[in-house]
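Morning, everyone. I have one structure to go through today, so let me put it on the screen and then talk through it piece by piece.

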Amino acid sequence: MAILDINEIRAILPHRYPFLLVDRIVEMEAERIVGIKNVTFNEPMFTGHFPDFPVMPGVLIVEAMAQTAGVLVLKSLGGRGDKLVLLVAIENARFRKPVVPGDTLRMEMKVLKRKASVAKMAGVATVDGVTVAEVEVMCKLADRDEAMPAPAQAPVPDPVPAP
């Protein structure tokens, strides 16, 4: 049974299809969360990775794990509001087995350290009880307006020397 369904997750995370990689949250405590990603063949990543042997890219497994961690951090604040959780570090990422269409990816993330605006979390992703990936991530809580990049400035032309 889901503690948070996809609509509740969408109310917390800013991600949207095709980059929302958490389908439901099945367990959540103050320092631990478990998210589920149902991996389906019709996802855009499988048209090119790899057409004859579809495999979920490792970076997207890590992203799914980081999004699961982000739900915990943002939910502890009462929802998304004007805050974003930004990924600032990935450490000790290990990929043990391929994740393929039809798999149910279970991502368990635990808080290792937490300060006011930074959390370090470790996680394990499994399919049918078999470890497929492990990672430590560090994320930073930022105000939405601070996290947005500054508007691009028009380049200033080099002065042309007078003849």
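I will start with one residue. Leaving aside neighbours within four places in sequence, E43 is in contact with K37 and N38. E43 sits in the loop between β2 and α2. Before going further, note that this is a predicted model.

What does the side chain of E43 do there? With K37 it forms a salt bridge, 2.8 Å from N to O. The E43 side chain also reaches the backbone nitrogen of T40, at 2.7 Å. For E43 the relative accessible area is 9%, so the residue falls under the 20% cut-off for buried.

Now the overall layout. The protein has 3 helices and 6 strands. Reading from the N terminus, the order is α-β-β-α-β-β-β-β-α. There are 163 residues, and buried ones make up 37% of them. Taking contacts with a separation of 6 or more, 63% are between residues 24 or more positions apart. The accessible surface comes to about 9,600 Å², and carbon and sulfur atoms account for 58% of that.

Next, the core. Which members of the largest nonpolar core touch the most other members? They are M56 and L105, in a core of 38 residues. At least two core residues come from each of α1 (6-12), α2 (58-75), β4 (104-114), β5 (118-127) and β6 (130-143). The element that gives the most is α2, with 10 residues.

Not counting residues up to four places away in sequence, M56 touches V39, M45, F46, H49, I61, V99 and L105. That list includes L105, the other residue I named for the core.

Back to charged pairs. The structure holds 11 salt bridges, and I will take a few of them. K83 and D143 meet through their side chains at 2.5 Å, N to O. K83 is in strand β3 (residues 83-95) and D143 is in strand β6, so this pair ties together parts that are 60 residues apart in sequence. As for cover, K83 has 25% relative accessibility and so counts as partly exposed. D143, at 21%, also counts as partly exposed.

Another pair is E91 with K120, where the closest N and O atoms are 2.9 Å apart. Here too distant parts of the chain are linked: E91 is in strand β3, K120 is in strand β5, and the two are 29 residues apart. E91 has a relative accessible area of 32%, which makes it partly exposed.

Then there is a network. Which residues does it link? Salt bridges join E27, E29, R32, R106, E108 and K110. I will look at R32, which is placed in strand β2 (residues 32-38). R32 has 14% relative accessibility, so it counts as buried. Its side chain makes a polar contact with the side chain of E108, at 2.8 Å. Setting aside residues up to four places away in sequence, R32 touches E27, L72, R106, E108, M109 and K110. Among these contacts, E27, R106, E108 and K110 are also members of the network.

Last, some backbone details. Where are the cis peptide bonds that I want to show? One joins Y17 and P18, with omega about 5°. P18 is in the loop between α1 and β1 (24-28). Another runs from H49 to F50, with omega near -10°. F50 is in the loop between β2 and α2, and that loop also holds E43.

N92 is not a glycine, yet its phi is near 55°. N92 lies in strand β3 and is partly exposed, at 46% relative accessible area. D128, also not a glycine, has a positive phi of about 55°. D128 is in the loop between β5 and β6. Is D128 buried or exposed? D128 has a relative accessible area of 76%, so it is exposed.

That is what I have for today.

Terms used
Residues numbered from 1 in each chain as written. Predicted model: local features only at pLDDT ≥ 70, side-chain atom pairs only at ≥ 80, totals over all residues. Heavy atoms only, no water. Helix = DSSP H or I, 4+ residues; strand = E, 2+ residues; numbered from the N terminus. Buried < 20%, exposed > 50% of the residue type's maximum accessible area, 1.4 Å probe, protein only. Contact = heavy atoms within 4.5 Å. Areas by Shrake-Rupley, 256 points an atom, 1.4 Å probe, with all protein chains shown as cover. Core = buried A, V, L, I, M, F, W, Y, C linked by side-chain atoms within 4.5 Å. Salt bridge = Lys/Arg side-chain N within 4 Å of Asp/Glu carboxyl O. Polar contact = N/O pair within 3.5 Å; in protein donor to acceptor, adjacent residues only side chain to side chain.
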